[in-house]
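Here is a friendly walk through a structure, from its ligand site to its strands. Please keep the sequence and the 3D view at hand as you read.

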Amino acid sequence: MPTIEERKNRHIRVSLEEAVESGVSTGLEEIHLIHRALPEIDLEEVDTSIRLFGCRLEAPIIISALTGGTEEGKRINEVLATAAEEYGIGIGVGSQRIALEDPSREPTFTIVRERAPNTLVIANLGCPQLSLGWGVEEARRCIEMVEADALAIHMNPLQEAVQVGGETRYRGILTRIRELAEALETPIIMKETGCGVSAEDAKRIEKAGAEAIDVAGAGGTSWAIVEHHIAREVGDKEREALGKALGDWGIPTAISIVEVSQSTGLRVIASGGIRMGLDIAKAIALGADAVGIARPFLQRAVEGLESVRSYILELIRELRTVMFLVGARDVEELRRTPIVITGRTAEWLRMRGFNPESYARRGKR
Ligand SMILES: Cc1cc2nc3c(=O)[nH]c(=O)nc-3n(C[C@H](O)[C@H](O)[C@H](O)COP(=O)(O)O)c2cc1C
């Protein structure tokens, strides 16, 4: 069995070297913002800032949980946290399990708060650890380690099912979430990792006391495909085949944003295949409060700080321009802008009892 360190290094290497994007799309290409020939605002007055978990962000962007625990992870976290602080965007750390088991690895996570003293920092722990008995004490240690503003608990049943030696006990997790929500002052974000969250699960999560859901829908990095490549490398033919068969599994991101935002009053972070500023604008118009981006930031971080900086600037420039073109002065106005939902996404939503037409008629008199 590989050590956690070996597994983490492999995840990063495979994510960088192999084609690990899901074969299904996010559905965002079926979301259409409506151009305003007369936006009746100046580009200059567009304000992309938001408030989330008590923090002000200059743009509704979070660097999604990626890494920590290894020397390479520390370097990546340092670069990403430096850029997050400079541009006032949020950052999540990777699973802190490794540092809870071996405190000598804490500096690979604490570097994030050192480099990002003022911006939103999100701690990270997995459902598999909760099902093995971890609880309030471990969650508190994760939060304190990075002085986190929120705690993400990742849900990754598909990855664990495909991963060699994965932890597939998911029974009773909602009870554990309820215990955490009652004991902790820090808000809890329930975060998928590439398969999306349904309306039914979102309602259960809301009842359990979490404050937010990060949908991490299908259409971006596919963990079944990542684990498929790893299984191939280690010669596990059964898991190699399983990962390939389920590579496109999940609820596409655009659909999951609607399922969650229409069914709960929770804050919604949209992630899974968010790549450009236009994707951010569409996700917010669909009902998200902010977006998360993972693999593109990993790719940029290994290239260096300049590459991360230019990517963030590109995302914000594009988002601002799109906001101008739909006449949205701020993110709240963008959330109310009319959109047209077409094709498979509209069909899915209709069959699930949502009304895609209502988005097209927003703001019409
Ligand atoms: C190398 C790598 C490591 C990751 N590690 C974690 C993790 O420790 N905890 C977590 O919640 N998500 C983790 N993720 C999942 C991402 O946060 C994100 O949900 C997923 O990759 C989908 O976003 P994307 O399409 O922008 O990559 C990881 C992703 C990558 C690529």
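## The ligand shell

By class, the residues around the ligand comprise nine nonpolar, 15 polar and two charged ones; here Ala, Val, Leu, Ile, Met, Phe, Trp, Tyr, Cys and Pro count as nonpolar, Asp, Glu, Lys and Arg as charged, and the others, Gly among them, as polar. Do note that this is a predicted model, in which local features need pLDDT of at least 70 and side-chain atom pairs count only at pLDDT 80 or more, while totals for chains, interfaces and linings use all residues. Residues are numbered from 1 along each chain as its sequence is written.

The ligand is surrounded by 26 residues, and the closest are Gly94, His154, Gly220, Thr221 and Ala294. A residue is near a molecule if its C-beta atom, placed from the backbone, lies within 6 Å of it. At least two shell residues come from each of α1 (4–17), β7 and α14 (295–303), and α1 gives the largest share, three residues. Helices (H or I, at least four residues) and strands (E, at least two) are DSSP runs, numbered from the N terminus.

Helix α14 has the buried residues Phe297, Leu298, Arg300 and Ala301; buried means that 20 or more other C-beta atoms, placed from the backbone, lie within 10 Å of the residue's own. These buried residues pack against α1, β4, α2, β11 (290–293) and α15 (305–325), with contact taken as C-beta atoms, placed from the backbone, within 7 Å. Just after α14, Gly304 has a positive phi of about 130°.

## The barrel

Now to the strands. Eight of them form a closed barrel in the order β4-β5-β6-β7-β8-β9-β10-β11, with parallel pairing. From one strand to the next, the twist averages 25°, where axes are lines fitted to C-alpha atoms, for helices over the stretch in contact, and angles run from 0 to 180 degrees between N-to-C directions. Two strands pair if DSSP finds at least two bridges between them.

| Parallel pair | Bridges |
|---|---|
| β5 (residues 90–92) and β6 | two bridges |
| β6 and β7 (residues 150–154) | five bridges |
| β9 (residues 212–214) and β10 (residues 267–271) | three bridges |

Opposite Val121 in β6 stands Ile91, and Leu125 faces Ile153 in β7. Ile213 has Val268 in β10 as its bridge partner.

Methods
Buried ≥ 20, exposed ≤ 12 C-beta atoms within 10 Å, placed from the backbone. Contact = placed C-beta atoms within 7 Å.
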